[in-house]
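Subject: Structure handover

Hello,

Here is the structure I promised to pass on. Please open it first, then read my notes below.

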Amino acid sequence: MSLQNIVLIGFMGTGKSSIGRLLAGKLRYQFLDTDRLIIEHAGMNIPEIFARHGEAHFRDLESALLESLKGKSSRVMATGGGIVVREGNRPLLRELGFVVALTASEEVLFKRVSRNTNRPLLQTENPRETLRTMFAQRRDLYNEVAQVTIDTTDLTQEEVAQSILQHASTVISSKPSL
Ligand code: S3P
């Protein structure tokens, strides 16, 4: 592995951002979040980007952003849940670093995503069913891209971070503060 980054992928509500932040603190790495960077760059939030320009445009921004991250190191990168959908993004994610997929039971995911309304793809008549369908469509993609998949259903954020550190220990040379 040439680059020392940890890349977190996984469905909405798997905890990529909060666990990523926690992990970055432990490793003394910089934390970045692709959604956050897109929002800053576009000057609008995600529902606005989807409403004004559509999902395809958002995916273009996401792919361009991933490209621009090549060459970065010592980062924990949290990514949007749909980043694996574009085929071209998948090798790119692997190129960026050690890829960890976070997952959880559908029930837990639904509970977590129900807390806010900033995910346009789940603003449907039956969000529970939409989540189920999308999750079924994407699950294999997350597993295919990731070096390791961690089920967060029954774990605390601290436990997830520790598990990632253990899995990544072969590629991370700096001493994490445990
Ligand atoms: C999306 C997930 C979101 C965000 C956008 C689309 C998806 O990110 O990128 O709403 O297609 O799953 P989170 O996984 O951080 O919620």
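Start with strand β1. Asn5, Val7 and Ile9 point one way from β1, while Ile6, Leu8 and Gly10 point the other way, and all are buried. Side chains in a regular strand alternate between the two faces of the sheet. Keep in mind that this is a predicted model.

How many residues of β1 (residues 5-10) are buried? Six of the six are, so the strand is largely enclosed by the rest of the structure.

Now the neighbours of β1. Strand β3 (residues 75-78) runs parallel to β1, and four bridges join the two. Asn5 has Arg75 as its bridge partner in β3. Val7 has Met77 as its bridge partner in that strand. Strand β4 (residues 98-103) also pairs with β1 in the parallel sense, over five bridges. There, Val7 stands opposite Val99.

The whole sheet is open and has five strands, in the order β2-β3-β1-β4-β5, with parallel pairing. Which strands stand at the edges? They are β2 (30-33) and β5 (148-151). Each has a single partner strand, so one side of each is left without a neighbour in the sheet. From one strand to the next, the twist averages 20 degrees.

Helix α5 lies across β1, β3 and β4, and runs at about 145 degrees to β1.

Next, a helix pair. Helix α3 (residues 46-53) packs with helix α4 (residues 55-68) at an angle of about 125 degrees, their axes 7 Å apart. That angle makes α3 oblique to α4. From α3, the contact is made by Ile46, Ile49, Phe50 and His53. From α4, Glu55, His57, Phe58 and Leu61 take part.

Two aromatic pairs turn up in the whole structure. One of them is Phe50 with Phe58, a tilted pair at 5.0 Å centre to centre, with 40 degrees between the planes.

A last item concerns a charge and a ring. Arg139 lies over the face of Phe135, at 4.6 Å from the ring centre.

Best wishes

Key
Residues are numbered from 1 along each chain as its sequence is written. This is a predicted model: local features need pLDDT of at least 70, side-chain atom pairs count only at pLDDT 80 or more; totals for chains, interfaces and linings use all residues. Side-chain values use heavy atoms; hydrogens and water are left out. Rings of Phe, Tyr and Trp (its six-membered ring) pair if their centres lie within 6.5 Å; planes under 30 degrees apart count as stacked, over 60 as edge-to-face and the rest as tilted. A charge sits over a ring if NZ of Lys or CZ of Arg is within 6 Å of the ring centre and within 35 degrees of the ring normal. Buried means under 20% relative accessible area, exposed over 50%, partly exposed in between (1.4 Å probe, protein chains only). Two strands pair if DSSP finds at least two bridges between them. Axes are lines fitted to C-alpha atoms, for helices over the stretch in contact, and angles run from 0 to 180 degrees between N-to-C directions. Angles under 35 degrees count as roughly parallel, over 145 as roughly antiparallel, 65 to 115 as roughly perpendicular and the rest as oblique. Contact means heavy atoms within 4.5 Å.
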